[in-house]
Amino acid sequence: MRIGRYRLRLEKRLTLTGVEATLISILAIVFALALFSLIFVLAGISPLVAYREIFSYAFASPYGLPLTLNRFIFLLFCTSAFIIPFRAGLWNIGMTGQLFFGALGAFGVLLAFGAKGSRSLDLPTGLVIPLMIGAAAVAGGMLGAIAGLLKGRMNTNEIVVTMLLNFIAYWLVAHMIKEGGPFMNPGGRGESFELPPSAYAPSIMGVSFTIFLALGVAVLLYFLFARTRLGYQIKAHGQSPAAAQYAGIGTVRISLLVFVLGGAIAGLAGYHYFAAVPGVYKISRNYGYFGDLAFYGIISGLISLGNPLAAIPVALLFGGLSIGGRLVQGKMQLGFGMDYALLGVLMITLVAFQFFYRHRIVWAKARERGRKR
Amino acid sequence: MGNSHMQKQLLEGIQRGDAVLEARGITKRFPGVVANEGIDFDIRAGEIHAVLGENGAGKTTLMNILFGLLQPDEGEIRMGGQRVEFKSPLDAIDLGIGMVHQHRKLVSAHSVIENIILGHPRARGILNLKQIEEELEELCARYGFNIDLHAKVWQLSEGEKQVVEILKALYRGAKLLILDEPSSALTPVETKKLLASITAMATDELAIVPFITHKLPIVLAISDRVTVLRGGKVTARFNTSHVTEKSLARRMVGRDVIFRTERADVEQGAPILEVEDLSAISDKGVLALKGVSFAIREGEIFGIAGISGNGQRELAEAIAGLRTAAGGRVILGGTEITRASVLERWNLGMGCIPCERLDMGIIGDFSLVDNVAMNYYFDEDFCERGVLDYAKLRALTERIISQFDIAAPSPDTKAKTLSGGNLQKLILARVLSRRPRLLVASLPTQGLDIGATEFVRNKLMEAKKDKAGILLISEDLDEVLSLSDRVAPIYEGEFMSILPGEKANREVVGAMMAGLRPEDGHNEDR
């Protein structure tokens with residue numbers, strides 16, 4: 001393409017540095033926000049005002065920020081849960097089901113110790129919380145194991161299996177918490193019984209302590225993939241199952257392992273949202289909404305190219321925009337679904353801009369002769 | 001291309017000796033490399049003009065430019081004296097250029113005739129198969145091709161598939177035929193037939209351009225002229241009658257090349273590998289290896305000669321632990337390993353060079369360090385409490401790069417940026433660096449150029465001197481014969497015989513590879 005005396009050319013990138021990838025992502029975000037301004041303009045609202053509202057509420061307001069952070073924790077767990085199988089070349093679409101199982105596991109512990117219907121618990125807080133976290137991880141991991149085993153042993157498509165397990169988990173939760181279910185709220189409101197206060201997770205200024213857990217998992221995963229033998233095996237399997245087989249890295253073991261690990265981390269997301277976010281402390285009626293939100297883990301995982309640390313800012317952005325977008329939608333009386341539309345535009349733009357991870361545009365002075373195309 | 005019929009006339013009525021195609025000053029750059037630089041090349045009707053060069057010399061780029069897959073940055077192509085531009089292979093085909101790919105591009109479930117007419121302009125609407133068949137039979141008769149037009153492609157040998165591709169190009173009206181590595185993967189007999197047909201085609205008005213990497217005798221046997229490429233430039237143009245194998249190789253590699261790796265005399269030790277009645281099932285579910293027995297001693301190279309698909313792959317994989325044996329036993333240094341895992345075998349001193357270099361041996365998106373780690377990640381010396389010692393791995397990789405003279409800018413380079421020859425050196429180096437007692441080498445020099453081939457063969461010899469036992473599986477008969485202490489021709493999953501190296505010659509082994517049993521009392525030596 002020619003512009004004036006310059007020629008634009010598309011070239012393949014041979015390498016991509018972290019700085020370049022970051023710049024491209026930031027460019028994509030700016031582009032997406034600019035694109036979405038159209039919606040605000042059409043609604044007769046200044047985009048600048050709208051974005052200031054969104055960002056200041058999501059990231060700088062004492063009311064919005066804790067909401068953002070709690071959502072960020074949830075998304076980061078989901079992203080990590082996606083990334084582990086992703087690096088092994090496998091697709092975990094089942095964070096939804098795994099986090100539901102995690103929630104059931106955590107509440108199962110309370111049920112086992114007779115917390116249902118009473119406001120007190122015999123066990124000390126310092127014991128019950130680790131138990132709940134452990135149970136959530138085990139339950140999520142168990143659901144993941146089904147997909148991993150089927151994949152490893154019979155080469156069953158893991159996307160289909162995890163997807164279908166989501167439905168099973170969804171209805172299992174419904175069965176457990178609705179009228180007559182073992183987790184049913186004594187008040188019968190279609191939600192689970194509430195946590196006794198002694199099982200409330202510690203929190204700082206409205207943000208659950210699970211933020212340390214989520215960040216810790218991300219850092220650990222980064223180390224796992226950068227330095228360890230297990231991470232090497234997972235990466236090798238993800239890049240080339242044939243080469244992995246040559247090097248004695250078994251498909252069955254890797255498939256099972258990554259889905260158990262991924263499922264366990266998704267289970268933590270379930271613990272976080274239903275048992276650790278201040279003000280929730282129960283499996284709420286709209287639990288399906290958080291199941292849907294888990295799918296943003298896939299998007300963040302893809303945008304960060306499977307890098308567990310790069311996933312942190314991405315998850316934070318999505319968490320903030322979903323909170324800020326919802327606020328602006330109400331405050332400025334925009335149509336329903338505006339927040340989702342914003343996330344959607346952002347998502348598509350980020351994915352589209354990955355084109356520039358692989359290509360670059362080169363400017364050159366048009367001087368050569370005989371190069372007509 | 002609307003004006004194709006007018007353009008096709010460019011080559012109508014061309015006479016023997018007229019220039020069919022001229023390329024002038026062809027230059028093609030890719031990011032970081034100049035693949036072709038000012039290449040001049042011409043081809044006349046009735047001529048066989050070989051293009052010779054090592055991997056990375058720019059042959060593939062030139063071939064793709066001539067066939068319209070790539071467009072040159074500079075320079076021009078003329079056909080029948082007129083300048084032409086190929087925007088795609090379709091343009092090139094319309095103008096009378098035919099291409100026979102090294103990796104066949106045929107539909108294996110379809111018959112020969114169906115493959116030939118696939119994409120042919122006449123294959124639209126209603127087919128007159130009978131007429132097409134008659135025309136094809138006439139083509140076959142003219143050039144001495146012997147092929148069943150109704151056979152399914154999957155039933156054909158490599159040589160026959162190549163004939164199908166040639167027929168397809170000819171039937172499409174090719175006046176100029178580009179052959180990519182025409183004789184690789186063919187048996188000696190098939191090669192002979194092919195060369196006869198090529199010569200027959202050239203006595204007509206056809207122009208033929210074989211692109212060849214390493215089979216110099218073929219260049220000498222059939223071509224009229226040869227153009228040698230090195231580093232993207234033309235380094236020599238010869239009339240073939242004026243050259244020898246040595247002088248060609250010198251122009252191609254840039255130095256003198258030894259053609260025969262000397263078989264080193266090494267005192268053989270105890271048997272390191274014993275295979276008893278081993279059988280294995282192929283991916284297609286048929287018994288591909290039907291009970292072979294042999295033993296390899298320390299310091300011995302045991303060569304398997306055979307045409308691909310006769311059970312060699314299954315044999316190598318069953319020994320390497322990549323395929324479950326259907327029966328029989330494998331014993332490595334006294335320990336039975338028939339059911340052992342890959343890592344157990346490696347820890348007992350087995351090393352393996354896989355036949356599918358790029359799929360199995362290398363991970364393209366990994367750095368060289370991570371690729372070397374494939375043979376070391378499990379080694380406790382390189383891994384402490386589950387954390388890999390990357391400093392050590394890096395140092396090892398640097399040592400391998402310098403010792404094996406691998407052309408790579410740094411150990412952190414991604415493997416996919418290296419050439420095939422350098423990747424094969426890398427695999428060989430990391431396997432040999434563990435000083436295996438048994439080396440399973442599948443197709444160790446396939447697709448490599450002369451320089452790299454020589455290097456790999458010398459390294460195998462060094463390993464042999466280092467007392468390793470080597471199982472050498474190769475489709476290059478000359479390689480097996482020149483390196484092996486004993487040779488086992490394999491046919492349909494069975495050894496036809498086991499011959500001592502000095503008694504194994506081309507004729508005897510070639511016949512056995514084609515399925516002829518040795519006569520009674522002939523060199524039986526188990």
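Guide: Here's the rule: count the other C-beta atoms within 10 Å of a residue's own, and 20 or more makes it buried, 12 or fewer makes it exposed, and anything in between is partly exposed. Keep in mind that this is a predicted model.

You'll find R385(B) in the loop between strand 17 (383-384) and strand 18 (387-388) of chain B.

Chain A has a non-glycine residue with a positive phi too: Y281(A), at about 55°. Y281(A) sits in the loop between helix 10 and helix 11 (287-293) of chain A.

From there, go inside. The largest nonpolar core has 203 residues, and those with the most contacts inside it are F77(A), C78(A), M132(A), A269(A) and V440(B). For M132(A), leaving aside neighbours within four places in sequence, the contacts are A106(A), V109(A), A199(A), Y271(A) and A275(A). There's also a second, separate core of 67 residues, including I14(B), V20(B), I178(B) and I222(B).

Back in chain B, take a look at helix 7 (residues 188-203). Its 16 residues reach 23 Å from first C-alpha to last, close to the 22 Å expected at 1.5 Å a residue. Buried in helix 7 of chain B are L194(B), I198(B), M201(B) and A202(B). Seen down the helix axis, these buried residues fall within an arc of 95°, so they line one face of helix 7 of chain B. The general rule is that an α-helix has 3.6 residues a turn, so residues three or four places apart point the same way. The cover over the buried residues of helix 7 of chain B includes helix 5 (129-143), helix 6 (158-171), strand 8 (207-212) and helix 8 (216-222) of that chain.

Now step back to the domains. Chain B is divided into domain 1 (4-253) and domain 2 (271-513), and their C-alpha centres lie 34 Å apart. Their contact takes 11 residues from domain 1 of chain B and 15 from domain 2 of chain B. On the domain 1 side, helix 9 (residues 245-253) of chain B gives the most, with 3 residues, and that side divides into 5 nonpolar, 5 polar and 1 charged.

Chain A has domain 1 (1-45 + 334-373) and domain 2 (55-325). Here 8 residues of domain 1 of chain A are in contact with 7 residues of domain 2 of chain A, and the domain 1 side has 7 nonpolar, no polar and 1 charged.

Finally, the chains themselves meet through 17 residues from chain A and 23 from chain B. On the chain A side, strand 2 (6-12), helix 8 (229-239) and helix 9 (241-246) each supply at least two residues. Helix 8 of chain A brings the largest share, 5 residues, and the chain A side divides into 8 nonpolar, 5 polar and 4 charged.

Key
Residues numbered from 1 in each chain as written. Chains lettered and ligands numbered in written order. Predicted model: local features only at pLDDT ≥ 70, side-chain atom pairs only at ≥ 80, totals over all residues. Domains from an automatic or database assignment. Contact = placed C-beta atoms within 7 Å. Helix = DSSP H or I, 4+ residues; strand = E, 2+ residues; numbered from the N terminus. Nonpolar A, V, L, I, M, F, W, Y, C, P; charged D, E, K, R; others polar. Expected span 1.5 Å × (residues − 1). Arc of directions from axis to C-beta. Core = buried A, V, L, I, M, F, W, Y, C linked by C-beta atoms within 7 Å.
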